[in-house]
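Good morning, and thank you for the time. I would ask you to bring up the sequence and the structure side by side, and I shall then go through the points I have prepared.

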Amino acid sequence: MVNVPRLVIAAPSSGSGKTTVATGLMAAFAARGLAVSGHKVGPDYIDPGFHTLATGRPGRNLDAYMCGPELIAPLFAHGARGCGLAVVEGVMGLYDGASGLGELASTAQVAKLLRAPVVLVVDASSQSRSVAALVHGFASWDAGVRIGGVILNKVGSDRHEALLREALEESGVPVLGALRRAEGVSVPSRHLGLVPVAERRSDAVAAVAAMAGQVAAGCDLEGLLALARSAPGVPGGAVWDAGGAVGGGFPLPAPSRNRGSAPDPAPQAPEGLDLAGVKPVVAVAGGAAFTFSYAENTELLAAAGADVVSFDPLRDEALPLGTRGVVIGGGFPEVYAPELSANEALRKAVAELALSGSPVAAECAGLLYLGRSLDGLPMCGVLDADARMTKRLTLGYRDAVALTDNVLAPAGARMRGHEFHRTVIEPGAGDEPAWGMHRPERRVEGFVRGNVHASYLHTHWAASPGTAARFVERCRG
């Protein structure tokens, strides 16, 4: 077993202050010289960026829907290796999971899988004695979830705090902190949530420092650390390792009572990969416009034998020297459409690489960048499709099957992913669609064109490590 002190920071609902408390705790303990690992329940990309800033280590996601419950403990142990504390920020309300699937992908499920104590962050701005009933309900709802303390957020005054503490004395759950409202800890947001760290780094640094100061002043750090150290060993067997996982093909998470019937086994990745040869350069898009990626995806590419090099489509006028494949993840290209369009040299370089038959994998923002236009501005033109911003939010988990043999998966392989965007692309699928969607509705989506794979679907490659191996093998071809 892995024995890392750990806390899960949860709340009764979104907007209660989880990000402030979790990020502030990470930064406050890191400032004390403790090696801290930051984790986020669910598919969110933005919060882990703030965790990275607070800890100096990659922020990690723990998503039981996309990766399966059986990978939560190994992925956690991988991210927390060598740390004296791990802080896991929850998602939505403590017991909210994937729609219609019980506790699956909820903060509560992850806390139980990690055997981690939960600290409940409560927005106390409009209540006093009722806070005790709220905390009692959350603490007693599931006997497998251990709520080890409460942090009161948005407390109005000393008198208000005294009333809240008095009420909670009867609940049996200790108060481990009380935070007043503080303007300095606010982080700018827009249509898809917080603004990523990469876009406003100096402001983000200041916000994280303010969070750390507020939490250090208002919370019992010694009590919280003692609670973290009370957690037993993490079950779940071996620590996840990209090198060991990379040849694992396209497995599905084991079925459970929440998952329904198990699908047919998916095809496996090609065998006999030669990882000892010259490393092909795989260029991965980054910079302010393309901030959405899971750390494990890049680690798997490197483990599969790629020389992973980043590039910034906003600034770089050429792909990295020797590029044999390109990966373009998610982000906010709609915010930077004029700048992306103005970088004509790079747009042409990407189009020429795709036309040459080199592998290109694009998710969400990458899909828009590969299209003909975005909000009327020219993009790479690799796909005969045009994208635009809308007011409608498309959000949720997806079950998908690869309809066409492609650079990421063989035809018939099943993947679980997530969509999160306010754009549409027309048409929504090419003559050879990337995916057939089976949840929440049946439809086809995305584009496969030669060795180009482009789709709105975000995927976590730890769930299908054969994806990285397959992509790198195509880069060698």
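This is a predicted model: local features need pLDDT of at least 70, side-chain atom pairs count only at pLDDT 80 or more; totals for chains, interfaces and linings use all residues.

The buried residues are Ile46, Asp47, Pro48, Phe50, His51, Ala54 and Thr55.

Helix H3, residues 72-80, is also mostly covered: nine of its nine residues are buried. Among them are Ile72, Leu75, Phe76 and His78. What do the buried residues of H3 pack against? Their partners are strands E1, E2, E3 and E4, together with helices H4 and H10. H3 is followed by a glycine, Gly82, with a positive phi near 80°.

I turn now to the sheet. Seven strands make up an open sheet with parallel pairing, and their order is E3-E2-E4-E1-E5-E6-E7. Which strands stand at the edges? They are E3, residues 60-62, and E7, residues 175-180; each has a single partner strand, so one side of each is left without a neighbour in the sheet. On average, neighbouring strands of this sheet are turned by 25° against each other, direction ignored.

Helix H1, residues 18-31, packs on this sheet. The strands that H1 touches are E1, E2, E4, E5, E6 and E7, and the helix direction makes about 165° with that of E4.

Within the sheet, I would draw attention to two pairings. Strand E5, residues 118-123, runs parallel to strand E6, residues 147-155, and six bridges join them. In this pairing, Asp123 stands opposite Asn153 of E6. E6 also pairs with E7, again in the parallel sense, over four bridges. Here Ile151 stands opposite Gly177 in E7. Although E7 is an edge strand, five of its six residues are buried.

Ala116 has its place in the loop between H4 and E5. Is Ala116 buried or exposed? Its relative accessibility is 6%, and because the cut-off for burial is under 20%, Ala116 counts as buried. Leaving aside neighbours within four places in sequence, Ala116 is in contact with Arg6, Val8, Ala111 and Arg146. Ala116 and Val8 are 108 residues apart along the chain, yet their C-alpha atoms are separated by 6.4 Å.

The next topic is the aromatic residues. How many aromatic pairs does the structure hold? There are seven, and I shall describe two of them.

Tyr95 lies in the loop between E4 and helix H4, whereas Trp141 lies in helix H5, so the pair ties together parts that are 46 residues apart in sequence. Trp141 is exposed, with a relative accessible area of 67%.

The other is the pair of Phe292 and Phe332, which is edge-to-face, at 5.3 Å centre to centre and 80° between the planes. Phe292 belongs to the loop between strand E10 and helix H10, and Phe332 to the loop between strand E12 and helix H11, so this pair ties together parts that are 40 residues apart in sequence. Phe292 is buried, with a relative accessible area of 4%, and Phe332 is buried as well, at 0%.

Finally, I come to Thr394, which lies in strand E16, residues 386-402. At 11% relative accessibility, Thr394 counts as buried. Which side chain does that of Thr394 join in a polar contact? The partner is Arg392, and the contact is 3.0 Å. Not counting residues up to four places away in sequence, Thr394 touches Glu419, Phe420 and His421.

That concludes the presentation, and I would be glad to take your questions.

How values were computed: Residues are numbered from 1 along each chain as its sequence is written. Side-chain values use heavy atoms; hydrogens and water are left out. Two strands pair if DSSP finds at least two bridges between them. Axes are lines fitted to C-alpha atoms, for helices over the stretch in contact, and angles run from 0 to 180 degrees between N-to-C directions. Contact means heavy atoms within 4.5 Å. Rings of Phe, Tyr and Trp (its six-membered ring) pair if their centres lie within 6.5 Å; planes under 30 degrees apart count as stacked, over 60 as edge-to-face and the rest as tilted. Buried means under 20% relative accessible area, exposed over 50%, partly exposed in between (1.4 Å probe, protein chains only). A polar contact is a pair of N or O atoms within 3.5 Å; within protein, one must be able to donate a hydrogen and the other to accept it, and residues adjacent in sequence count only if both atoms are side-chain atoms.
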